[in-house]
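Morning, everyone. I'll take one model today, and I'll keep it quick.

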Amino acid sequence: MIGSGPAGVGAAEEFRKQQADVPVRILTADCDEPYERPPLSKEFLRGETDEVSMRPSSWFAERDLELITDAPVTEIDTDARTVTAGGRRQEYRHLILASGASPRPLPVPGGGRALQLRSLQDAQRLRASSQGAQSAVVIGAGFIGCEAAASLARNGLAVTLVAPDAVPQEKRLGTEAGRRLVTLIEQTGARFSGGVRVREIRPGAVVLDDGATVEADLILAATGVEPNSAAAEAAGVPVDQSRIVVDAGMMTRTPGVSAAGDVALAFNTTAGRSLAVEHWQDAAEQGAIAGARAAGDQQSWSDVPGFWTTIGDTTLKYHAWGDGYERSRLIAHGDGFTVWYESGGVAVAVLTCNADDDYELGEGLIRAGAAAPVL
Ligand SMILES: Cc1cc2nc3c(=O)[nH]c(=O)nc-3n(C[C@H](O)[C@H](O)[C@H](O)COP(=O)(O)OP(=O)(O)OC[C@H]3O[C@@H](n4cnc5c(N)ncnc54)[C@H](O)[C@@H]3O)c2cc1C
């Protein structure tokens with residue numbers, strides 16, 4: 001396995017369940033043993049926990065899984081079936097590419113001054129910078145940006161969240177849902193500034209394209225990720241939109257090579273099309289399927305993707321194919337809401353806040369290709 005996120009570890013675990021004796025090696029660029037990313041923008045950033053291990057240290061040795069950290073793979077030779085990490089070539093019989101994604105650099109002058117948040121090391125740096133800081137600007141209002149802005153505000157910083165959309169994630173979730181996100185962000189004490197782009201980052205200040213300059217002790221760029229597919233692409237493994245193309249069993253068209261998780265563009269048998277998904281649980285599931293296939297078992301990816309996000313004290317739950325919608329409608333409940341999304345007369349997504357029944361109903365309707373109840 002290349003990568004020690006949920007896809008790589010999920011693949012190793014499932015392979016080992018089915019093949020007791022074949023050596024399994026996980027090569028990872030991470031310096032740390034496998035850890036959970038979701039808490040890094042939430043409990044960890046708020047200083048409520050330091051414990052983010054994905055598995056106890058002994059877990060890998062107990063299963064005879066060899067974990068090699070700080071070993072970025074720089075070259076793959078799919079004819080010779082070798083990978084090169086740290087100048088050392090290693091042979092494989094089956095290779096599972098689970099290299100995830102990395103933060104996209106902010107393409108403006110001084111963009112490199114902004115902190116980023118993907119790895120545990122990034123999170124440690126961000127948390128250390130936030131201690132003693134009075135103010136922060138978070139650039140980008142995707143879920144990681146919203147969560148981090150809320151956590152920093154909870155820590156007492158004066159936080160401004162800036163994004164090009166008028167409301168957070170307007171294109172992905174629609175205007176009504178975006179307005180609810182603004183409310184959740186503002187309830188944490190952070191300020192949302194929409195409809196603006198960053199023109200430049202100077203030491204201690206963010207210059208916006210409306211001419212305003214926002215001073216801040218801490219600047220975080222949460223402006224999306226790029227799949228880590230370069231080594232695979234250079235090796236001739238088929239890639240589309242920077243993602244490694246795989247079938248429902250997570251196999252690439254290159255013999256002996258699978259891919260899973262954020263780096264993959266995977267075929268979902270229920271949706272009947274390929275999907276790009278960036279969620280923890282789906283990465284773990286795809287990894288398990290890749291591990292099973294490598295061990296000779298036939299499994300296919302059929303689940304409706306989904307994830308939870310927590311902004312301040314409020315958790316939103318989302319099921320979606322994730323490749324767009326035609327119409328949406330928000331239904332307000334007493335202390336929450338549900339947004340239904342449809343395309344071609346069938347439900348393609350549901351976003352819920354304090355509405356678990358709708359979350360479950362929505363998954364079933366999306367899976368069945370049935371109409372949403374209110375559109
Ligand atoms: C702060 C934060 C909060 C999040 N919160 C949520 C949440 O609440 N819910 C949710 O569903 N999702 C959340 N996500 C997204 C989720 O973490 C990802 O979708 C998931 O981690 C993807 O898993 P993966 O195994 O595909 O890739 P990753 O977890 O990115 O793991 C990739 C691994 O590959 C390694 N690697 C990369 N390149 C190489 C190389 N060349 N050689 C060797 N190793 C390499 C990396 O070091 C890493 O170990 C969050 C992400 C972040 C950053």
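First, the ground rules. This is a predicted model: local features need pLDDT of at least 70, side-chain atom pairs need 80 or more, and totals for chains, interfaces and linings use all residues. Numbering starts from 1 along each chain as its sequence is written, and side-chain values use heavy atoms, without hydrogens or water.

Now the domain. An unreviewed UniProt entry annotates residues 2–287 as "FAD/NAD(P)-binding"; such annotations may be inferred rather than shown by experiment. That stretch is 25% helix and 27% strand, taken as DSSP runs (helices H or I, at least four residues; strands E, at least two). Its end C-alpha atoms are 11 Å apart.

Next, the helix pair. H1 covers residues 6–18, and H8 covers 280–294. Contact here means heavy atoms within 4.5 Å. On the H1 side, the contacts include Pro6, Ala7 and Phe15. Trp280 and Gly287 are among those in H8.

Last, the ligand. A side-chain N or O atom of arginine 37 sits 2.8 Å from a ligand oxygen. For aspartate 30, a polar side-chain atom is 2.9 Å from a ligand oxygen. Tryptophan 308 uses a backbone N or O atom, at 3.2 Å from a ligand oxygen.

Conventions:
Axes fitted to C-alpha atoms, helices over the stretch in contact; angles between N-to-C directions. Polar contact = N/O pair within 3.5 Å; in protein donor to acceptor, adjacent residues only side chain to side chain.
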